[in-house]
Amino acid sequence: MRTKVIAGNWKMNKDLNESVTLVSEIKNGLTKLNSSSEIIICPPYTSLETVNSLIKDTAINLGAQNMHFEDSGAFTGEISADMLKSVGCNYVILGHSERRKIFLETNEVINKKVKKALDKNLKVIFCIGETLSERESNVTFKVLEEQIVNGLSNIDNDKVQNLTVAYEPVWAIGTGKTASPEQAQEVHEFIRKLIAQLYSDNLAQDMKILYGGSVKPNNAASLLSKPDIDGALIGGACLKPDLFLEVIKIAG
Ligand code: PEP
């Protein structure tokens, strides 16, 4: 049995004071839920240290939304894996579709980041997903396979165990459109089979594959009931503590 994972990607939202309010509300709400799920929150860089100090006595995990693949040096504006660890992160989201689209991150760049993060013992939420035009041209599985094969190139079995995949169809992110539970399950099953081919059956069975794309309390139950959907990566709804907590409650 894989434990369910509920992760919140705050994106470029919440200044320091707002972050304190949001994390306090999540923390208080969680004490009443007795959830068995793994909870991860990914605030902006500027709030990581403070949020970390507020969740120290809880089971909430702290993640960043991105990092650079180099250790240090002349990379103005970038943040390294060690820097993330020094403020309490144990997770990092890599390959988010907004990074791929707006910041032109290629599978090769994402591969370098994934490798570095895993080498530094950060757990990775590795995002993949097809655009609407790719889905309409029937190349969804081809695109996902390329993202996985290239994104995980030269990453060994022992490292990849610390990686969680997040399938996020780009057309469902922030749009209010969700993949149907059947559409999502079909893709998750495909991803698990591909991981089994690239690594092993056992590793694929243990790997958590999250769904992301307009997850809210009204669609969470049907998505999370599918056998290969192990949790959710949530954008918009994670900024509203009542919605985020409700999804956690649904996940059980
Ligand atoms: C995301 O950006 O990872 C995401 C899933 O966003 P939303 O829930 O808003 O669609």
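Biologist: Leaving aside neighbours within four places in sequence, which residues is Cys238 in contact with?

Modeller: Cys238 is in contact with Gly8, Asn9, Trp10, Leu22 and Phe244, once neighbours within four places in sequence are left aside, where contact means heavy atoms within 4.5 Å. This is a predicted model, in which local features need pLDDT of at least 70 and side-chain atom pairs count only at pLDDT 80 or more, while totals for chains, interfaces and linings use all residues. Residues are numbered from 1 along each chain as its sequence is written, and side-chain values use heavy atoms, with hydrogens and water left out.

Biologist: And where is Cys238 found?

Modeller: Cys238 is in the loop between β8 (231-234) and α12 (241-251); helices (H or I, at least four residues) and strands (E, at least two) are DSSP runs, numbered from the N terminus.

Biologist: Buried or exposed, that Cys238?

Modeller: Cys238 counts as buried because its relative accessible area is 1%, buried being under 20%, exposed over 50% and partly exposed in between, with a 1.4 Å probe and protein chains only. Cys42 is 196 residues from Cys238 in sequence, and their C-alpha atoms are 9.8 Å apart in space.

Biologist: Switching to Pro43: which residues does it touch, not counting those up to four places away in sequence?

Modeller: Pro43 touches Trp10, Leu48, Val51, Leu62, Gly63 and Gln65 on that count. The residue sits in the loop between β2 (38-42) and α2 (45-55), and Pro43 is buried, because its relative accessible area is 1%. From Pro43 to Leu239 the C-alpha distance is 9.9 Å, across 196 residues of sequence.

Biologist: What about Ile41, which strand is it found in?

Modeller: Ile41 belongs to strand β2 and is buried, with a relative accessible area of 0%. Among the residues that Ile41 is in contact with, beyond four places in sequence, are Gly8, Trp10, Val23, Ile26, Val51 and Phe244. Asn111, by contrast, is 70 residues away from Ile41 in sequence and 23 Å away in space, C-alpha to C-alpha.

Biologist: OK, the ligand now. Which of the 14 residues around it come nearest?

Modeller: The nearest of the 14 are Lys11, His96, Glu168, Gly174 and Ser214, a residue being near a molecule or strand if one of its heavy atoms lies within 4 Å of it. The shell divides into four nonpolar, eight polar and two charged residues; Ala, Val, Leu, Ile, Met, Phe, Trp, Tyr, Cys and Pro count as nonpolar, Asp, Glu, Lys and Arg as charged, and the others, Gly among them, as polar.

Biologist: How far does a polar side-chain atom of His96 lie from an oxygen atom of the ligand?

Modeller: For His96 that distance is 2.8 Å, and a polar side-chain atom of Glu168 lies 2.7 Å from a ligand oxygen, while a polar backbone atom of Gly236 is 2.8 Å from an oxygen atom of the ligand. The protein covers 96% of the 290 Å² of accessible area that the ligand has on its own, by the Shrake-Rupley method with a 1.4 Å probe; for residues, only the protein chains shown count as cover.

Biologist: Back to Lys11: what is its phi?

Modeller: Lys11 has a positive phi of about 55 degrees, although it is not a glycine, and its place is in the loop between β1 (5-9) and α1 (16-33). Asn138, in the loop between α6 (132-136) and α7, also has a positive phi, near 60 degrees, and this residue counts as exposed, because its relative accessibility is 71%.

Definitions and conventions: A polar contact is a pair of N or O atoms within 3.5 Å; within protein, one must be able to donate a hydrogen and the other to accept it, and residues adjacent in sequence count only if both atoms are side-chain atoms.
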